[in-house]
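Please look over the sequence and the structure below. A short report follows, one topic at a time.

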Amino acid sequence: MRVGDIPHPSDERVRTMTEATPAPQDRAFLLGLQQQSLRYFLDNQAAGGLLLDRQANHGPLRPGGWCSTSATGMGLIALAVATAEPYRLLTPADAVGRIRIALEAALDRLANESGMLPHFASPNNDETRGHDAFSTIDSSWLFAGALWAASFLRDARLEGLAAQLYERVDWAHWAVSEGEKRGLVRHGKGADGHFLPFAWDRLVGESVFMYVLGAGAAPGRALAPEAWSALRPFYGTVEGLRFNNADLGLFAFEYGLDLLDLARWHAPGEIDLAAEARVATRANYLACRAAAENFATYCRFWGLSDGDGPGAAPGTDAYREYAPGRPLDGTAHLTATLAAVANAPGEVLENLREADRDQGLGARGRYGFSNVNLDRHWLSRDVVGIDAGAAVLALDNYLMAGRVRRVFHALPCVARGLQRLGLTPREELGAIS
């Protein structure tokens with residue numbers, strides 16, 4: 001397909017490109033990758049209950065490392081999903097036990113300020129680690145995962161613990177109180193006790209679920225509905241395609257949209273986030289192909305997303321912000337493309353099968369595909385927990401008819417948040433028109 005043939009996000013052709021049922025051989029291939037992604041969370045829960053931020057994808061497992069609240073939140077969903085068809089990797093009783101100790105750790109041992117939690121913590125004693133002592137987006141993933149898993153498993157005790165975790169958050173405390181960013185959620189606080197100088201100001205799939213959670217809280221603690229109107233688009237053009245947040249990598253168009261069904265719910269304003277995500281995925285693919293004359297990697301693989309790349313010293317890795325329009329070094333983030341499977345199934349399957357066929361490359365490890373850079377003869381050593389989590393959510397939605405989104409939308413706080421922010425079911429819009 002030529003760039004000029006790419007339809008606009010509002011064009012129905014974009015929507016129908018992604019709705020085909022996968023062929024049996026493709027479904028079997030994706031189920032195998034899903035089993036590996038789920039295995040990350042079965043293997044990497046610390047004794048205290050939280051999930052490790054990252055783990056080796058090749059060679060011996062590392063016994064330590066920091067835990068992440070966002071990886072834990074995604075992991076709670078993964079542990080619950082692992083009990084269900086077609087996976088059956090864990091009994092419901094085992095999942096309930098694992099999730100309970102994670103929620104007890106979050107409630108009783110992690111530091112909190114007005115309900116928000118650290119991004120990183122020690123696996124041994126849950127002490128805060130890293131510069132973001134309190135992180136709103138990472139905490140929100142933990143809240144979402146707790147509520148989702150408790151509801152999915154229908155366990156009253158888990159539901160009570162998840163409710164405590166969510167209901168103690170004072171979202172208003174974490175909102176900007178004045179100026180042009182008034183109402184927007186701050187990034188968090190640093191180790192020095194001061195608010196971080198940034199707010200979540202973009203209308204992008206990465207963070208919109210947090211605004212829904214915040215708006216759905218109890219009166220006096222909830223985000224004001226006007227917070228949504230303070231979010232702003234950031235348009236740009238990649239390979240002839242103009243779309244919102246064109247300067248960001250794949251993860252920004254994937255993570256939160258695997259909780260919210262914005263293909264069936266219309267958000268206030270003119271931007272269709274679900275359709276924009278499909279165009280962003282296509283643009284990401286085209287940007288890699290356009291760079292193929294400079295990088296051998298992009299002749300065979302694609303995928304630009306925040307993640308590990310080659311470090312300055314041989315045999316080392318460095319976390320970087322990879323995206324169209326940013327400096328490229330020949331790194332392709334294969335697992336990030338897996339999380340975009342519903343947006344571009346043909347391109348994603350082509351990418352992953354190419355990596356799987358090349359046994360000499362060795363990109364497929366115990367938890368899925370490593371990042372690759374053929375130009376630097378490099379493979380990432382680790383899988384990052386939130387990347388494995390994004391793959392779990394996306395694949396379950398794709399293979400099981402949107403199951404993750406259906407459960408999330410059924411949560412009472414999510415229903416309230418959608419209503420307060422003015423998100424409308426698309427069938428209602430059709431009836432009104």
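In helix 15 (residues 412-421), the buried residues are Cys413, Val414, Gly417, Leu418 and Leu421. Their arc around the axis is only 135°, which puts them on the same side of helix 15. The arc is that of the directions from the helix axis to the C-beta atoms. Pro412 and Gln419 are exposed, on the face of helix 15 turned away from the buried side. Buried means under 20% relative accessible area, exposed over 50%, and partly exposed in between (1.4 Å probe, protein chains only). Helices (H or I, at least four residues) and strands (E, at least two) are DSSP runs, numbered from the N terminus.

The buried residues of helix 15 pack against helix 5, helix 6 (156-167), helix 7 (208-215), helix 8 (226-230), strand 9 (265-266) and helix 14 (403-409). Gly422 follows helix 15, and its phi is positive, near 85°.

## Source and numbering

This is a predicted model: local features need pLDDT of at least 70, side-chain atom pairs count only at pLDDT 80 or more, and totals for chains, interfaces and linings use all residues. Residues are numbered from 1 along each chain as its sequence is written, and side-chain values use heavy atoms, with hydrogens and water left out.

## Cys413

Cys413 lies in helix 15. Its relative accessibility is 6%, so Cys413 counts as buried. Leaving aside neighbours within four places in sequence, Cys413 is in contact (heavy atoms within 4.5 Å) with Leu147, Tyr166, Val212, Leu213 and Gly216. Leu52 and Cys413 are 361 residues apart in sequence, and 28 Å apart in space, C-alpha to C-alpha.

## The nonpolar core

In soluble globular proteins, nonpolar side chains tend to be buried together. Here the largest nonpolar core has 147 residues. Such a core is a set of buried Ala, Val, Leu, Ile, Met, Phe, Trp, Tyr and Cys residues joined through side-chain atoms within 4.5 Å. Leu30, Trp171, Tyr211 and Leu213 have the most contacts inside the largest core. Helix 5 (residues 136-153) gives the most to this core, with 11 residues.

Which residues does Leu30 touch, leaving aside its neighbours within four places in sequence? Leu30 is in contact with Leu338, Val341, Leu349, Leu395, Tyr398 and Leu399.

## Strands and a hairpin

An open sheet has three strands in the order 2-3-4, with antiparallel pairing. Strand 2 (67-68) and strand 4 (128-129) are the edge strands, and each pairs on one side only. Two strands pair if DSSP finds at least two bridges between them. Strand 2 pairs with strand 3 (residues 120-121) over two bridges, in the antiparallel sense. Ser68 stands opposite Phe120 in strand 3.

Strand 7 (residues 235-238) and strand 8 (residues 241-244) are antiparallel too, and pair over four bridges. Gly236 has Phe243 in strand 8 as its bridge partner. Strands 7 and 8 form a hairpin with two residues between them. Glu239 in the turn has a positive phi of about 50°.

## The whole chain

The protein chain has 16 helices and 17 strands. Of its 433 residues, 61% count as buried. Its C-alpha trace spans about 55 × 55 × 45 Å along the principal axes. A compact globule of 433 residues would have a radius of gyration near 22 Å; the protein chain has 20 Å, which agrees. That radius is taken over C-alpha atoms, and the globule rule is 2.2 Å times the number of residues to the power 0.38.

Among contacts between residues at least 6 apart in sequence, 69% join residues at least 24 apart.
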